[in-house]
Amino acid sequence: MMTHQYNLSGLTCSGCVAKVKSELLKLPDIVSADVTQEKAVISMEKHIPLSRLQDAISTGGKYKISENASDASHHQMTQDGTKSWFQTYKPLLLIFAFITVISHLSSSGNGQNLMLWMNYFMAGFFLVFSFFKLLDLKGFAESYSMYDLLAKRVKAYGYVYPFIELTLGILFLTGFQPVATNIATIVVMGFSSIGVIKSVVDKKQIRCACLGAVFNLPMSTVTIIEDLLMVGMSALMLLHLL
């Protein structure tokens, strides 16, 4: 199953929303459709061409549907499917390698202290990942709302989340209130991983928003490992501090 987000225009009332939703759900391959006056989030068994969606909603009125720029379109997902695992996740791997090396160099003057290395790694992770999210805040928020449990219900959370990561990065870098910082990280990343795990288990073909809307990375077990790695590191540092 795959989930795509589309832009809608021409809907002026709740009646229009109901008509569009009704027409979309008549299509045999559509599993669910969350429709508002401006957007539609559609889950489908297999990809349905935009022209077919347009024909379907046109029967209900002069409504228009278009692909959302923040959504991983069918063509992008197909292209990603033809790439090797390394080609697909190359940006993410390079960033992790960069943060790993910088953390090693930053902690090397302190006898290769593992806890210090993890602290620098966490700082680098949150600072770098928040940077990519902030490059296109709106695009990130829209992508994030497609799978995060809280962002689905509170759209503003998608706009706040990058700043939470930025704050955590600064706290790890400065060493301010390490106990509280690690507890906050476990809560934030642990909760975030729930939506990721659910999307992967449901086999939804949607974009991972870990690097914002800059890179078209598919949601997969790699995303789960990324989130749980942060939780695990924070848990180890917290145990060391207590």
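**Overall make-up**

The protein chain holds 10 helices and six strands, where helices (H or I, at least four residues) and strands (E, at least two) are DSSP runs numbered from the N terminus. This is a predicted model, in which local features need pLDDT of at least 70 and side-chain atom pairs count only at pLDDT 80 or more, whereas totals for chains, interfaces and linings use all residues. Residues are numbered from 1 along each chain as its sequence is written, and side-chain values use heavy atoms, with hydrogens and water left out.

Of the 242 residues of the protein chain, 46% count as buried; buried here means under 20% relative accessible area, exposed means over 50%, and partly exposed lies in between, with a 1.4 Å probe and protein chains only. The accessible surface of the protein chain comes to about 11800 Å², and 65% of it belongs to carbon and sulfur atoms, the areas coming from the Shrake-Rupley method with a 1.4 Å probe and, for residues, with only the protein chains shown counting as cover. If contact is taken as heavy atoms within 4.5 Å, then among contacts in the protein chain between residues at least 6 apart in sequence, 69% join residues at least 24 apart.

**The sheet and its helices**

Four strands make an open sheet in the order E2-E3-E1-E4, with antiparallel pairing, two strands being paired if DSSP finds at least two bridges between them. The edge strands, each of which pairs on one side only, are E2 (30–35) and E4 (64–67). From one strand to the next, the twist averages 30 degrees. Within this sheet, strand E1 (residues 2–9) and strand E3 (residues 39–44) pair in the antiparallel sense over six bridges, and His4 has Ile42 as its bridge partner in E3.

Helix H1 (residues 14–25) packs on the sheet, where it touches E1, E2 and E3, and its direction makes about 165 degrees with that of E2. Helix H2 (residues 50–58) also packs on the sheet, touching E1, E2, E3 and E4, with a direction about 160 degrees from that of E4. For these angles, axes are lines fitted to C-alpha atoms, for helices over the stretch in contact, and the angles run from 0 to 180 degrees between N-to-C directions.

Which residues does Asp34 contact, leaving aside its neighbours within four places in sequence? Asp34, found in strand E2, is in contact with Lys39, Ala40 and Val41, and Asp34 is exposed, with a relative accessible area of 51%. Asp34 and Val17 are 17 residues apart in sequence, and their C-alpha atoms are 9.6 Å apart in space.

**Charged pairs**

Side chains of opposite charge can pair when their charged atoms come close. With a salt bridge defined as a side-chain nitrogen of Lys or Arg within 4 Å of a carboxyl oxygen of Asp or Glu, the count comes to four salt bridges.

In one of them, the side chains of Asp29 and Arg52 meet at 3.9 Å, N to O. This pair links distant parts of the chain, since Asp29 is in the loop between H1 and E2 and Arg52 is in helix H2, 23 residues apart. Asp29 counts as buried at 17% relative accessibility, while Arg52 is partly exposed at 32%.

Another salt bridge joins Glu142 and Lys39, with the closest N and O atoms 3.3 Å apart. Here Glu142 lies in helix H6 (residues 137–144) and Lys39 in strand E3, 103 residues apart. Glu142 is buried, with a relative accessible area of 11%, and Lys39 is partly exposed, with 24%.

A further salt bridge is formed by the side chains of Glu165 and Lys133 (3.1 Å, N to O). Glu165 lies in helix H8 (residues 155–174) and Lys133 in helix H5, so the pair ties together parts that are 32 residues apart in sequence. Glu165 is buried, with a relative accessible area of 2%, and Lys133 is buried, with a relative accessible area of 2%. Not counting residues up to four places away in sequence, Lys133 touches Phe140, Tyr161, Pro162, Glu165, Ala209, Cys210 and Gly212.

**A nonpolar patch**

On the surface, Val179, Ile183, Val187, Leu241 and Leu242 form a nonpolar patch with about 450 Å² of accessible area together. Patches are made of residues with over 30% relative accessible area and no salt bridge, like charges being joined within 9 Å and nonpolar side chains (Val, Leu, Ile, Met, Phe, Trp, Tyr) within 5 Å. Helix H9 (residues 178–201) gives the most to this patch, with three residues. Ile183 has its place in helix H9 and is partly exposed, with a relative accessible area of 40%.
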